[in-house]
Amino acid sequence: MPDSTPPQRGFGQMDLGLTDTRPKRVTLSPGATLLRGFALDQAEELWRALTPVLHAAPLRRMLTPGGRQMSVAMTSCGTWGWITDQTGYRYTRTDPTTQAPWPTMPRLLFQLASRSAAAAGFEGFKPNACLINRYEAGTRMTAHQDKDEGDITQPIVSVSLGLPILFLWGGLQRTTRPHPILLEHGDVLVWGGKARLHYHGVKPLEQGVHPLTGPTRFNLTFRYVAQAVS
């Protein structure tokens, strides 16, 4: 259930008495576009749509191939779901926790992802996988590339719900110094084309309380998976 506690002011949270004059569309690099507030008007509907998904495929903290437990809790919906364990990173058709197929992607989520991709210049995007990440205070995501999908001609669409976080946008090499950019509730980030394999991650989430997601941030990332191990 959404947390009704009034939000606490933290970094990046704007004074609601002021007008946000920042551009709604920001190009991070060729092929990478931030659409500020693009999902804001649907945020509550998206949150409700996640409830049955999280019930059918509970969030879990998976192990990396190196045996370390991820700080971010994850699950998936759609035809394919992403997993990691000591045998490697991969997509599967079934949830290894429940032994059942991953929950169907809610139509609302599919439509938002397709519409967001089109707004960023990638028409015809039809995601068949949605990774759902829950961040709590102190959790982070180290720099990585999204390259397990088998088709890097398709973009990635990332939707932010809840607490703000600093996103780190890097380059095609891990050694490229990343550019930090604030992602807030309702923001959508799309990258593809020349930017498809850029390294990216997020800094540790700061403490706070959001009126919809409580002390957490949820991130939905939509992908098209062409080849995977079932």
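1. The charged end of Arg-217 sits over the ring of Tyr-135, 5.1 Å from the ring centre. Arg-93 lies over the face of Trp-80, at 4.3 Å from the ring centre. A charge counts as over a ring if NZ of Lys or CZ of Arg is within 6 Å of the ring centre and within 35 degrees of the ring normal.

2. On the source: this is a predicted model, where local features need pLDDT of at least 70, side-chain atom pairs count only at pLDDT 80 or more, and totals for chains, interfaces and linings use all residues. Residues are numbered from 1 along each chain as its sequence is written, and side-chain values use heavy atoms, with hydrogens and water left out.

3. Overall make-up. The protein has 2 helices and 13 strands. Both are DSSP runs, numbered from the N terminus: helices are H or I with at least four residues, strands are E with at least two. Of the 230 residues, 50% count as buried. Buried means under 20% relative accessible area, exposed over 50%, and partly exposed in between (1.4 Å probe, protein chains only). Take the contacts with a separation of 6 or more: residues 24 or more positions apart account for 75% of them. A contact means heavy atoms within 4.5 Å.

4. The sheet of 7 strands. This open sheet has the order β1-β2-β11-β8-β13-β6-β3, and the pairing is antiparallel. Two strands pair if DSSP finds at least two bridges between them. At the edges are β1 (25–29) and β3 (73–78), each pairing on one side only. From one strand to the next, the twist averages 20°. Angles run from 0 to 180 degrees between N-to-C directions; axes are lines fitted to C-alpha atoms, for helices over the stretch in contact.

5. Strand β2 (residues 32–35) and strand β11 (residues 188–191) run antiparallel and are joined by 4 bridges. Leu-35 has Val-188 of β11 as its bridge partner.

6. Helices on the sheet. Helix α1 (residues 43–56) packs on the sheet and touches β3, β6 (129–135), β8 (156–162) and β13 (217–223). The direction of α1 makes about 80° with that of β13. Helix α2 (residues 107–119) lies across β1, β2, β3, β6, β8, β11 and β13. Helix α2 runs at about 120° to β8.

7. The sheet of 4 strands. The order is β7-β12-β9-β10; this sheet is open, with antiparallel pairing. β7 (141–144) and β10 (179–183) stand at the edges with a single partner strand each, so one side of each is left without a neighbour in the sheet. The twist here averages 20° from one strand to the next. β7 and strand β12 (residues 200–202) run antiparallel, with 2 bridges joining them. Met-141 stands opposite Val-202 in β12.

8. Aromatic pairs. How many does a search of the whole structure find? The search gives 5 aromatic pairs. Rings of Phe, Tyr and Trp (its six-membered ring) pair if their centres lie within 6.5 Å; planes under 30 degrees apart count as stacked, over 60 as edge-to-face and the rest as tilted. Phe-167 and Trp-169 are stacked, because their ring centres are 6.2 Å apart and their planes are at 20°. The pair of Phe-167 and Trp-191 is tilted, because the centres are 6.2 Å apart and the planes are at 40°. Phe-167 lies in strand β9 (residues 165–169) and Trp-191 in strand β11, so this pair ties together parts that are 24 residues apart in sequence.

9. The ring cluster. Ring pairs link Phe-167, Trp-169 and Trp-191 into a cluster. Phe-167 is buried at a relative accessible area of 5%. Trp-191 is buried too, at 2%. Trp-169 is also buried.

10. His-198. Where is His-198 found? His-198 is in the loop between β11 and β12. His-198 is buried, with a relative accessible area of 12%. Leaving out residues up to four places away in sequence, His-198 touches Ser-29, His-144, Gln-145, Trp-169, Gly-170, Gly-171 and Leu-172.

11. Cysteines. The structure holds 0 disulfides. A disulfide is a pair of cysteine sulfur atoms within 2.5 Å. Cys-77 is in no disulfide; its nearest cysteine sulfur, that of Cys-130, is 4.2 Å away. Cys-130 is likewise in no disulfide. Is Cys-77 buried or exposed? Cys-77 is buried, with a relative accessible area of 0%. Cys-130 counts as buried at 0% relative accessibility.
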